[in-house]
Each structure stands twice: as C-alpha cells, then as structure tokens.
Amino acid sequence: MDETKQFKCLTDLREIISELDGFYARPTVRGQHPTLYPEVSEGRYRTVCGIRVCDYMLSEDGQWVLPDDQMGLSFSSSWQHLKSAHKMVSRVAGKNVDVYWVLSRADIPSGLSFQPDRRASKSAKGHYLLTVNERMKVSSLVEKLKWIADRMSIIKDAGEAL
C-alpha cells in the first residue's frame, strides 16, 4: 500500500519536493485554467483555442504548432523564480493567485518537454518552458495541455507562503 502524507506547512512540502528532484510550477489567477488562456482576439496576447500566439510558434494558418525549444508555456523550477512570477501575476491581475505544480519527473505527453530558458538574463534562472518537440495540430496541443493540467496539484493563496 502506498504511503500518504499530510503536510502541516508549505516548508514541509518544499523539503519533500526538493528530495524528489524538483518541480515545475506556474502561478495562475484563481478561476483560470492553469495551462490554457481565456480567448483574446487581438494583440500580442491573442489566443487560438486557449494557446497564446506569443507562447508557441504557430503555422501561418494557425492550425499547426511548430517545434521550438525556446517557445512554450512558462514554468518556474525554483522557489525564487516562482516568488517573482507570483508577484508579477498578482500585481497585474489584482486578484487571488494560486500556484499549480507538477513534479519534474512527472510523465508528460509525447511531443512535449520542459526546457530551460537559455537567455543570459537573471530572470531566466529557474525559468523553464513547456515546449513542443514535434509538429502537431493546435487541437492536439490543447488536449495535451489539458491532460497536464488534470495532473497538476494546487497551492491556494500561495503568496503568503512565498
């Protein structure tokens, strides 16, 4: 039988996660989907089926997602980066922000992988991208992102702990 643990505080959880070889986390405005965005029809943050066009490289017709190891959905892999990202999302949203996370060794669907941000800036340290490794239909990426979201854990009101 598998062992079940209950954590009394986020510090306990932080220690266990570090022992398990890390995590990927993303702050998300409460009530929004952790891997898909609300529809936006214009501008830099325009979306196609919940995927921001600035996050992934899409074909000209918007039907395909093309592989790129430096474009993808943003995740934090360190508490310091997560703290900065949470602060930024909280400031912009002006609402409660929760943190969705998955262990770094978690299975993810084929055609996707977590890649470190290779920019030379300080803000890239601890920043990972959930990238597409093979050409796929936008609808296929949406399904894979939903699959990942279904397996993510949530820390509500994580700002207090960060």
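Predicted model: local features only at pLDDT ≥ 70, side-chain atom pairs only at ≥ 80, totals over all residues.

Modeller: Residues are numbered from 1 along each chain as its sequence is written, and side-chain values use heavy atoms, with hydrogens and water left out.

Biologist: Which residues touch the most other members of the largest nonpolar core?
Modeller: Ile51, Tyr56, Val65, Leu130, Leu141 and Leu145, out of 22 residues. A nonpolar core here is a set of buried Ala, Val, Leu, Ile, Met, Phe, Trp, Tyr and Cys residues joined through side-chain atoms within 4.5 Å. Buried means under 20% relative accessible area, with a 1.4 Å probe and protein chains only.

Biologist: Where does the largest share of this core come from?
Modeller: From H3, with 5 residues. Helices are DSSP runs of H or I, at least four residues, and strands are runs of E, at least two, numbered from the N terminus.

Biologist: And what does leucine 145 touch?
Modeller: Thr35, Leu36, Ile51, Tyr56, Leu73 and Leu130, not counting residues up to four places away in sequence. Contact means heavy atoms within 4.5 Å.

Biologist: Switching to serine 113: why does it count as buried?
Modeller: Because its relative accessibility is 14%. Serine 113 is in strand E8.

Biologist: Which side chains make a polar contact with that of serine 113?
Modeller: The side chain of glutamine 115, at 3.0 Å, and that of asparagine 133, also at 3.0 Å. A polar contact is a pair of N or O atoms within 3.5 Å; within protein, one must be able to donate a hydrogen and the other to accept it, and residues adjacent in sequence count only if both atoms are side-chain atoms.

Definitions and conventions: Buried < 20%, exposed > 50% of the residue type's maximum accessible area, 1.4 Å probe, protein only.
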